[in-house]
Each structure stands twice: as structure tokens, then as C-alpha cells.
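Subject: A structure for you to look at

Hi,

Here is the structure I promised to pass on. Have a look at it first, and then read on for what turned up.

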Amino acid sequence: MNQHDSVSEHDVVDILTRDHREMEALLEQIKSAPDAEQRRDLTDTLIAEVVRHAVAEEMHLYPVMEKRIPGGEEESEHDKKEHDEIVQVMKQLEDADAAEPAFMDRVHKLDELLRHHAKDEEDDQFPQLRQRISHEDLVELGRKVEKAKQLAPTRPHPSAPHSELFHKTVGPGVGMVDRLRDKLSGRMTG
């Protein structure tokens, strides 16, 4: 099955699970990067990916969970709190010197938070979504998530996606956005 031909048939669970694997792979690359410059670059890429993923979840996945999964509102609140913790660590990484030992301490903390969050979703929430929501609806949700991921950090001002997390991440005094935009526009044109 050619992945490009079947992209539209991937459901939201496939897409978000793939994101988790990509984040984990980036974390491994950061840990094994031979120099600070490479660590910094990979970390910026990871932050951009995490923000896009989390914003898309908050915009499209969580409202569906809240309506369709028993206890979905509590699950959604719990996930948002975890996103907040993840954002705090990413903010600490933003201006940290990648050559300092503290940088890798924060990377390890981020790794721990992301893996915990992914495990919660994959072990519990994703199976419930598949059980309770039709394949067609999950595919449609997947399309919305992909679209939100494309928009997320490149629209930091009034036209930004309606997501609390997005506004927290790109709020006053956060230098993350410009770096994210550079990273994403570089990747899109490269």
C-alpha cells in the first residue's frame, strides 16, 4: 500500500500514533547527537512537532472524546494538564544552551512526559475511540487533525487556531513561535 495514495484513509488514531513514534525517534536522535548545534536543531524540530500535534488534539480530538467516551471530559482535562506540563518543559528548553548538561536533563524530562502521555492515549483513549466511533468518522477526524497541524504554529496571532494551548504556547514573551515558524517554513519549502 503506497502511503501517499492512502493518506486520506488513515484514521485519527493512525495519524496521532505515527506522530508519537516520530517524536520518540527525534528524542533518540537528540540524545545521540554528536554536538550542541545538532541537539539544538533537532530539539527545535521536536518542539514544532509537539506543538502541532498537541494543538490539533485540543482542537479536534478532545471535543470528540468529551462527547463520545465515558469519562471523556475528565480524560480530556487530564490530557490538557499534561500538555501544559510538556509546554513548560519546552519553554525551558527554548533558551537553554544545548552545550550545558541542564539541557539534556530537560530533554530527558520532556521524553518522560511525552512517553507517558502517548502511552495513556494509545493504551486507553485510542482503543475507546476505535470502539465507539465509525471508521469514516475517525478518517474525517484524521483529516481535520492533519489540517490543524499544518496551520498550527505558522499562525501565531489573531487568526490562530482556537486552542488554549496554542495561545499559551505563543503568548507574550515566548520566543518559541518565531523559531517554530522558521523551522516549519524551512521544512515546507525545503
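Let me start with a pair of histidines: the side chains of H53 and H20 make a polar contact at 3.3 Å. By polar contact I mean a pair of N or O atoms within 3.5 Å; within protein, one must be able to donate a hydrogen and the other to accept it, and residues adjacent in sequence count only if both atoms are side-chain atoms. H53 sits in helix α2 and counts as buried because its relative accessibility is 3% (buried is under 20% relative accessible area, exposed over 50%, partly exposed in between, with a 1.4 Å probe and protein chains only). Leaving aside residues up to four places away in sequence, H53 touches L16, D19, H20, M23, E121 and K149, where a contact means heavy atoms within 4.5 Å.

Some background before you go further. This is a predicted model, in which local features need pLDDT of at least 70 and side-chain atom pairs count only at pLDDT 80 or more, while totals for chains, interfaces and linings use all residues. Residues are numbered from 1 along each chain as its sequence is written, and side-chain values use heavy atoms, with hydrogens and water left out.

Now the overall picture. The protein has seven helices and zero strands; helices are DSSP runs of H or I with at least four residues, strands are runs of E with at least two, and both are numbered from the N terminus. Of its 190 residues, 48% are buried. Among contacts with a separation of 6 or more, 76% join residues 24 or more positions apart.

The largest nonpolar core has 24 residues, and L46, M90, L110 and L114 have the most contacts inside it. Such a core is a set of buried Ala, Val, Leu, Ile, Met, Phe, Trp, Tyr and Cys residues joined through side-chain atoms within 4.5 Å. Helices α1 (12-32), α2 (36-68), α3 (72-94) and α4 (101-132) each supply at least two residues of this core. Apart from it lies another core, of 16 residues, including V13, A56, Y62 and A148.

Finally, helix α5 (residues 135-151). Its buried residues are L138, V139, L141, G142, V145, A148 and K149, and their cover includes α1, α2 and α4. K149 is also one of the residues that H53 touches, and A148 belongs to the 16-residue core.

Happy browsing!
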